[in-house]
Amino acid sequence: MPLHGARAAALLAWVNSTKVCADPLDDLSQLQDCGVFIRIINKIHRSEEGESVLEQPLPERISFIRGFLQKHCKHKSAAENLVSAQKLLEGEELALAKVAVLLLYHTSMSCKSPGDWNEFDYKTQVELASILKFVLDNEESLNENLETFLQRKAPLPSSSSSSEEHSPLLSLPQKREVRFLELQKIASSSGANKYVMLPGPPSSPMGDVMQTPQFQLRRLKKQLAVERENRDELEVELAENRKLITEKEAQITMMQQRIDRLALLNEKQAADQLEPKEMEELREKNESLMVRLHEALKQCQDLKTEKGQMDRKINQLSEENGDLSFKLREIASHLVQLQEALNELSEEHNAALAQSQEKQGQLESELRAALQEKKCSEEKIEILQGKISLLEDQLAKLGDCSTQEKGEVMGDILKLEELKQEVSNLAAKGAELQATVLRLEEEKQLRESALQSERGRFEEEKQQLGGLVANLQSSLSESHRARERLEQDLRAREAEA
């Protein structure tokens, strides 16, 4: 069965985004020599560990890649069963896609931040987010489900957690929050995690997945596991150093015994009145052994000092790991509380927004009606004023006419008075309409100000959640730097020894 086209294209776009190859790839089959995978692994760990492997034949490259995946998979045997060396040798695209999926997952867990994914178009991000969410939900059953996921467009019938029909990734542009019950599932590492988002404008799908408490907690747990593994390695190195100190002390004891024997021999030979030349040779040997003894004593003292420092650093690192574990549990609890409060705030915000928009629509409708009525009144006033001016001109011309004509003009005068009264009434009504317009505009501005204030408060509450996660990430980074310094000290001392 062929690969799902959109997912294969998304994986290829991610591989090209790593910029480890000179020219962009346009087909997964171009990954057959596995050189790109090795360069991606080097980039993840910021090392050149695999550079020498690139010069070796394909079987050795595949062995290196599978070894890396085995080491970093949740279960050590997962990579061996999931990725077949024979299929990689044959260049099967499904096997190459599996390796790309696992490297995408470990890269996002290790060093990718949400902003780094904005270089992809929205469609590609949706597919990458779908892949990442699938691995998160199916870590325990990748061997059974990953092939079907990569080959079929339809959702897997046997796993509701990996179903695209129910996947939250398909509704990322419309949803933005996590429900309380789902956070409890995250805390218990359940594989059926789902989350519901609030309405909002389209954003970064990969960023949304990586900002979820599910992903953040999984990343923190992974980092803590790495810290514990590094601590165990340091303890092994410390045990080796202790063994080295013991061996050095044994060598010093043996040298001291040799010196004692030489001293006795020296005394015996002095008593036997040996020749000066033989005495000189013995004296030189004795001095040489004394120099070596002092050097060994100094080295032993340095190793003891180093051992004490290592013990203190190991204890400090253990305490830091314990503190971080406690902080992880505390942050998980706090995240649940914050998420519940944020959901309530979002509901209030949405209700207030809908009410404000409805009220604003009414105000704008009333404002338009008032402005139209005002415009009509002004037009009537202009027409009536024109009639008044015309009648006044006619009355002025007929001022000297006969009595009968003046009687006829009186009718026009009455007619004129009525027009003036109507103009006065319309003017008063126009003033009322002007006051209404001003009131409606003021009320509209107040509504807009209140809405803007509500949005600001909502965003401020929302940023507190991200700040909490950032603080924990900072603590983990400090612990990681301390571990690196300890490793460097150990390597330096081991090289000197």
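Seven salt bridges are present in the structure, a salt bridge being a side-chain nitrogen of Lys or Arg within 4 Å of a carboxyl oxygen of Asp or Glu. The model is predicted: local features need pLDDT of at least 70 and side-chain atom pairs count only at pLDDT 80 or more, while totals for chains, interfaces and linings use all residues. Residues are numbered from 1 along each chain as its sequence is written, and side-chain values use heavy atoms, with hydrogens and water left out.

**Salt bridges**

| Pair | Closest N to O distance |
|---|---|
| K98 and E147 | 2.7 Å |
| R439 and E443 | 3.7 Å |

K98 forms a salt bridge with E147. K98 belongs to helix 6 (residues 93-110) and E147 to helix 8 (residues 142-151), so the pair ties together parts that are 49 residues apart in sequence. Helices (H or I, at least four residues) and strands (E, at least two) are DSSP runs, numbered from the N terminus. K98 counts as buried because its relative accessibility is 7%, whereas E147 is partly exposed at 29%. In these terms, buried means under 20% relative accessible area, exposed means over 50%, and partly exposed lies in between (1.4 Å probe, protein chains only).

R439 and E443 both lie in helix 13, four residues apart, about one turn of the helix. An α-helix has 3.6 residues a turn, so residues three or four places apart point the same way. R439 is partly exposed, with 45% relative accessibility. Through salt bridges that share partners, K359, R439 and E443 are joined into one network.

**A negative patch**

E229, D232, E233 and E235 form a negative surface patch. Such patches are made of residues with over 30% relative accessible area and no salt bridge, with like charges joined within 9 Å. Asp and Glu count as negative, and the place of a charge is taken as CG of Asp or CD of Glu. E235 is located in helix 11 (residues 213-271) and counts as partly exposed at 35% relative accessibility.

**The chain as a whole**

The protein chain has 13 helices and zero strands. Of its 497 residues, 39% are buried. The accessible surface comes to about 28300 Å², and 50% of it belongs to carbon and sulfur atoms; accessible areas come from the Shrake-Rupley method with a 1.4 Å probe. Among contacts with a separation of 6 or more, 75% are between residues 24 or more positions apart, where contact means heavy atoms within 4.5 Å.

How many of the eleven residues of helix 2 are buried? Eight of them are, so helix 2 is largely enclosed by the rest of the structure. The buried residues are G35, V36, F37, I38, I40, I41, N42 and I44. Their cover includes helix 1 (5-17), helix 3 (58-72) and helix 6.

N42 lies in helix 2 (residues 35-45) and is buried, with a relative accessible area of 5%. Not counting residues up to four places away in sequence, N42 touches S47, E48, E49, G50 and E51.

**Positive phi angles**

Most residues other than glycine have a negative phi. K19, although not a glycine, has a positive phi of about 55 degrees, and C34, also not a glycine, has one of about 65 degrees. K19 is placed in the loop between helix 1 and helix 2, and C34 is found in the loop between helix 1 and helix 2. Are these residues buried or exposed? K19 is exposed, with a relative accessible area of 62%, while C34 counts as buried at 0% relative accessibility. Just after helix 2, R46 takes a positive phi of about 50 degrees.

Technical notes: Patches are made of residues with over 30% relative accessible area and no salt bridge: like charges are joined within 9 Å, nonpolar side chains (Val, Leu, Ile, Met, Phe, Trp, Tyr) within 5 Å.
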